[in-house]
Amino acid sequence: MLFKEIAYGPIHSRRLGTSLGVELMPLDHKLCTFNCVYCECGWNEPVYHPQLPTRAEVRAALETKLKEMVNGTCQNGTCLDVITFSGNGEPTLHPDFLGIIKDTCALRDRFCPYAKVSVLSNSTQLGRPDVVQALRLCDNRILKLDAGTDEMMHRIDMPVNEHLTVAQIMDWLAPFEGDFTLQTCFLRGEHAGKKIDNTTPSELEAWYSAVESLRPKQIMIYVIDRKTPEEHLEKISRAEMERIAAPLIAKGYDVIISA
């Protein structure tokens, strides 16, 4: 499932509401620093000179879409909950990400001042100061951590950087001082002969420890919902997701369950 337009939707997001999507990656293939076994966009493809939309193209596409919405079904932009950067890979990979976010905030203020600007990121580019600066301009920073152990994170997310660690991701997340949403997909299954399960007691203990260290203002846990590139995966039940969330809710965390 690939998004074929720079600005697409609006669509209903089970986690964010009415969302206008913005695609910064190629429109014909996935480009990401992760190769997650559950990604609805499929596997990364070996494209060495990917064609990314320019900052000007993104601004023009977003302005056109917002004008259409305001002149059509929206009244004062109130029908739109969020402008969301996600799509065919990792949006923060775009070299003009900071400029694009600045443009987006200006267009939002002009056309849909009630809408939030949100970025769904896998956290791998947080070592770049420009990406951090851009994320601080956004209303919602939704940042991924799919496991509390290196082994399980690599089995689920299969990072392009084989040396990436959970500790490194946590070091990048720490400067936000909890002012972000931590996003985690829970699943079970198998890939390449290796078991995948971030719901075991030991894996949950490591993940809970990471949450306690980071203390995010919100936690978003979800299950696979669409066709996945790895077929041998299991969707976790709503009841089990509620059990996973319960200890954190008891401690006062704001936990959103999408199951």
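Met158 is partly exposed, with a relative accessible area of 24%. Here, buried means under 20% relative accessible area, exposed means over 50%, and partly exposed lies in between (1.4 Å probe, protein chains only). Met158 sits in the loop between α4 and α5 (166-173). Its phi is positive, about 40°, although Met158 is not a glycine. The model is predicted: local features need pLDDT of at least 70, side-chain atom pairs count only at pLDDT 80 or more, and totals for chains, interfaces and linings use all residues. Residues are numbered from 1 along each chain as its sequence is written, and side-chain values use heavy atoms, with hydrogens and water left out. Helices (H or I, at least four residues) and strands (E, at least two) are DSSP runs, numbered from the N terminus.

Two further backbone features were found. Arg215, in the loop between α6 and β9, has a positive phi of about 50° and is not a glycine. Gly9 and Pro10 are joined by a cis peptide bond, with omega about 10°. Pro10 belongs to strand β1 (residues 7-13).

Helix α4 (residues 150-157) contains Ile156. Ile156 counts as buried because its relative accessibility is 0%. Beyond its neighbours within four places in sequence, Ile156 contacts Asn35, Cys36, Val37, Tyr38, Asp146, Leu187, Ile196 and Asn198. Contact means heavy atoms within 4.5 Å. Lys195 is 39 residues from Ile156 along the chain, and their C-alpha atoms are separated by 9.7 Å.

Tyr38 also takes part in aromatic pairing. The structure holds five aromatic pairs. Rings of Phe, Tyr and Trp (its six-membered ring) pair if their centres lie within 6.5 Å; planes under 30 degrees apart count as stacked, over 60 as edge-to-face and the rest as tilted. Tyr38 and Tyr222 form an edge-to-face pair, at 6.4 Å centre to centre and 80° between the planes. This pair links distant parts of the chain, 184 residues apart: Tyr38 is in the loop between β2 (17-23) and α1, and Tyr222 is in strand β9 (residues 218-222). Tyr38 counts as buried at 10% relative accessibility. Tyr222 is buried as well, at 7%.

Trp207 and Tyr208 make a tilted pair, 5.6 Å centre to centre with 50° between the planes. Both residues are buried. Together with Phe186, Trp207 and Tyr208 form one aromatic cluster.

Helix α6 (residues 201-214) packs on helix α7 (residues 238-250) at about 35°, with axes 12 Å apart. Axes are lines fitted to C-alpha atoms, for helices over the stretch in contact, and angles run from 0 to 180 degrees between N-to-C directions. The crossing of α6 and α7 is right-handed (the near helix is turned clockwise from the far one by less than a right angle; anticlockwise is left-handed). The contact has seven nonpolar, no polar and one charged residues. Ala, Val, Leu, Ile, Met, Phe, Trp, Tyr, Cys and Pro count as nonpolar, Asp, Glu, Lys and Arg as charged, and the others, Gly among them, as polar.

Helices α1 (residues 55-71) and α2 (residues 97-111) pack at about 20°, with axes 10 Å apart. The two are therefore roughly parallel (angles under 35 degrees; over 145 is roughly antiparallel, 65 to 115 roughly perpendicular and the rest oblique). Their crossing is right-handed. Residues in the contact include Leu62 and Leu66 of α1 and Ile100 and Leu107 of α2. By class, this contact has seven nonpolar, two polar and six charged residues.
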